[in-house]
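Trainee: Can we go through the aromatic residues in this one? After that I'd like to look at a helix and a strand.
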Amino acid sequence: MTLDRPTATRRSVLAGALALGLALPATALADSRPELVVQYTFAVAFDPAFERLKETFQRENPDVRLTFRAPHKDYDTGIQALLREAVTGDMPHVTYVGLNHMRVVKERGLAVELAPLMKAEGSTFEAQGWTPPLQALGQVDGQQLGLPFAMSMGVVYSNADLVRRAGGDPAALPRDWDGLLALAGRIGKLESGMAGMYMPWTGASGAWLFQGLVYGVGGQIMRPGEKKVAFDGKEGKYAAGLYRRMVDDGAMPDIPDQAARQQFMAGRMGFFLDSISRLSNFERAIGDRFELRTGYYPLDNREAGGLVTGGNAAVITRSAAKDPKVLAAAWRWLKFTTGPRGTNEVIRHVGYVPVNVLALEDPKLLKGYFDDRPRHRTAVEQIGLVREWFQFPGPNGVKINDTISEYLQAIVDKSQTPDAALAAMVREVNQLLPR
Amino acid sequence: MKRPSTAGVGLLFAAPAMFGLFLFVIGPTLAVAVMSLTDWQLGASEIGFVGLDNYRALPGDRVFRTALANTLVYAGLVTPISVALGLGLALLIEASPLGRGFFRAAFFLPVVTTTVAMAVVWEFVLHPSLGPANLMLRALGFAPANFLGDAGSVLATLAAIGVWENAGFNMVLFLAGLKAIPRELYQAAAVDGADRAWERFWTITFPLLGPTMLFVAVIALLRSFKVFEIVAAITQGGPRRASEVLLFTIYQEGFSFFRIGHAAALTMVFLCGLLVLALFQIRLLGRRVHYA
């Protein structure tokens, strides 16, 4: 069955007009080089890095004409646009997709599988820094659909001044939940209107951090081959219970994510637990109002536990596969941006965690870079603990994250006990999973 | 001159507009109606016909029921208050020439500002611990309130912001209505002994404002049903879906969850609701036309 007429017509008219607009300058130049169209996300963060990458790439690859499309605001708008472009046949050749949307990319068949391209490189590919765990981040059900470009993970942002006032050592924060919550509780008691800590349970980070808590005690989100979630046992109960303990012991206020961020920036909160990708944002907003530090994410199970990874992966879309020359150029660009030099630019201009470890060992690139940047170093030292950002299968994959957030809210605002909320959450998520 | 050719020319003149109407209004509406009968997911290459399944699932859908109830409560709060407030402001401004231009502009300002930008401002004003609203509450000896973060108060808070946004719009409509009332009627009433403010309002202003009132009431109702930006910008439907409203649900289902079929069914239900309201308006207004 085809798509309904009217919309398709309108879309193709728009797409046609757009294509005409893009094509005109090209014809004027009579440029015969293949054009590689790239689109990235998070303009505010990534603009400087991509400008520099483009410059270098263009110098080294004069046979390709590289153009950027206007970058998207965030991962959600990025994938939405990509899905629309898939319908009109107007996808960019390379795009950067949030790791949480990789399953959608696979299910809609938007991307070119990279395994054959990687195999063609032979043994040199892994030697260039793309280690198997790194490759795994770009895989869905074993298919290599992307290579990770920028990677993030949870850290503890702390207000060192408040930590000291509460009798803690900002350089050595407790690495277990009991210790961190107790310290946060003391900070909350320093004066009225002071909050101990905050860890988002809604928005982009909410369900992501919940996965992190489950991983942290050695649990799993879903077991392979099962059609139900795996966090209905003791690990899930522990994770759900932690949210209530954050409120009761850690003096976490029940306020919206954005309000909590403002309060932390204003110096009225001890800890903010969130992704390292927020670092430059916090640094800019806080300035010298107080001493901002980062600490390790609490981990109760050091042996089996891990931390959840966020970030995005570079993907070659189906539209690049139409022309072998474009495909070859796209592959070169992919290797360049996810390789050591791309990693170097991202770390220097954006933050995040290095994806390509070779960059860390190269004195021309990042070796020594983190020595006097302790805030960045925290995340680098956690790299060994990364676990995948689990993507729920089926058509309701994204909605499930929203459902998880909703029940976490019920735990935090005490409208349900943690056990009851978890039971309801598990029931509803299982219903949304494909049978 | 021959009649048919006039009609032909008329049609010719109307054709571009008709074409646009079909292309941008009727066509997409039909497309949404068709989509609502499918299980299409955004970007999917397959599409399956599922009949009325999407509609049948709605009554049992907890999110839809919550969104519908919230939208009705929101409209029920915002419509009467913003209409009454708009009327009050218009009467006050009309009553005195002093600072008329200033007050008119001041109260109309919320209408012309960008809702999303204002949402950020409101978010700060209502911040649970740093916001001026709570600093004031605390200074007056009250407990601080978690306006936007508490499931019990978030909808009322959004409604208050909605009133602030819409009252100025209603005020301008009422000002226009007031201008249309002939001065002589007031003079005649004064001669008849009805010259106190309340008597003048009740015997002349209010009845003559009837058609304006109805128009404003229905427009205000439709506008309040369309609440979206502020929810998308501040609360995202939370906490615990306490501020989930229909337009936001449609947006989220369609563009965040990619469930186009379901979102299209929601859109059709929403559209039909608004259509019923519009028909209601035309019938009531029609009865009043002779009055004006």
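**Aromatic rings and their surroundings**

Mentor: Start with the cluster. Y40(A), F46(A), F50(A), F57(A), F68(A), Y96(A), F149(A), W333(A) and F336(A) form one aromatic cluster. Keep in mind that this is a predicted model.

Trainee: How many aromatic pairs are there over all chains?

Mentor: The count comes to 39 aromatic pairs over all chains. Take F57(A) and W333(A): their ring centres are 5.1 Å apart and their planes are at 85°, so the pair is edge-to-face. This pair links distant parts of the chain, with F57(A) in helix α2 (residues 43–60) of chain A and W333(A) in helix α14 (residues 324–338) of chain A, 276 residues apart.

Trainee: F57(A) and W333(A), buried or exposed?

Mentor: F57(A) is buried, and W333(A) is too.

Trainee: What about F264(A) and F290(A), how are their rings set?

Mentor: Their planes are at 75° and the centres 5.7 Å apart, so F264(A) and F290(A) are edge-to-face. F264(A) sits in helix α12 (residues 257–265) of chain A, while F290(A) is in the loop between α13 (279–286) and β9 (292–295) of chain A, 26 residues apart. Both F264(A) and F290(A) are buried.

Trainee: Charges next. Which ring does K54(A) lie over?

Mentor: K54(A) lies over the face of F68(A), at 5.1 Å from the ring centre. F68(A) is one of the cluster residues. In chain B, R223(B) lies over the face of F169(B), at 4.0 Å from the ring centre.

Trainee: Back to α12(A). How many of its residues are buried?

Mentor: 8 of its 9, so α12(A) counts as mostly covered. Among the buried ones are D257(A), R261(A) and F264(A).

Trainee: And what covers the buried residues of α12(A)?

Mentor: The cover includes β6 (147–159), β7 (195–198), β8 (269–275), α13 and β9 of chain A. Just after α12(A), G267(A) takes a positive phi of about 85°.

Trainee: New topic: β6(A). Why is it called largely enclosed?

Mentor: In β6(A), 13 of the 13 residues are buried, so the strand is largely enclosed by the rest of the structure.

Trainee: Which strands does β6(A) pair with?

Mentor: One is strand β10 (residues 307–316) of chain A, antiparallel over 6 bridges. There, L147(A) stands opposite A314(A). β6(A) also pairs with β8(A) in the antiparallel sense, over 5 bridges, with Y157(A) opposite F272(A). β9(A) pairs with β6(A) over 4 bridges, again antiparallel, and S158(A) stands opposite R293(A).

Conventions. Residues are numbered from 1 along each chain as its sequence is written. Chains are lettered from A and ligands numbered from 1 in the order in which they are written. This is a predicted model: local features need pLDDT of at least 70, side-chain atom pairs count only at pLDDT 80 or more; totals for chains, interfaces and linings use all residues. Side-chain values use heavy atoms; hydrogens and water are left out. Rings of Phe, Tyr and Trp (its six-membered ring) pair if their centres lie within 6.5 Å; planes under 30 degrees apart count as stacked, over 60 as edge-to-face and the rest as tilted. Helices (H or I, at least four residues) and strands (E, at least two) are DSSP runs, numbered from the N terminus. Buried means under 20% relative accessible area, exposed over 50%, partly exposed in between (1.4 Å probe, protein chains only). A charge sits over a ring if NZ of Lys or CZ of Arg is within 6 Å of the ring centre and within 35 degrees of the ring normal. Contact means heavy atoms within 4.5 Å. Two strands pair if DSSP finds at least two bridges between them.
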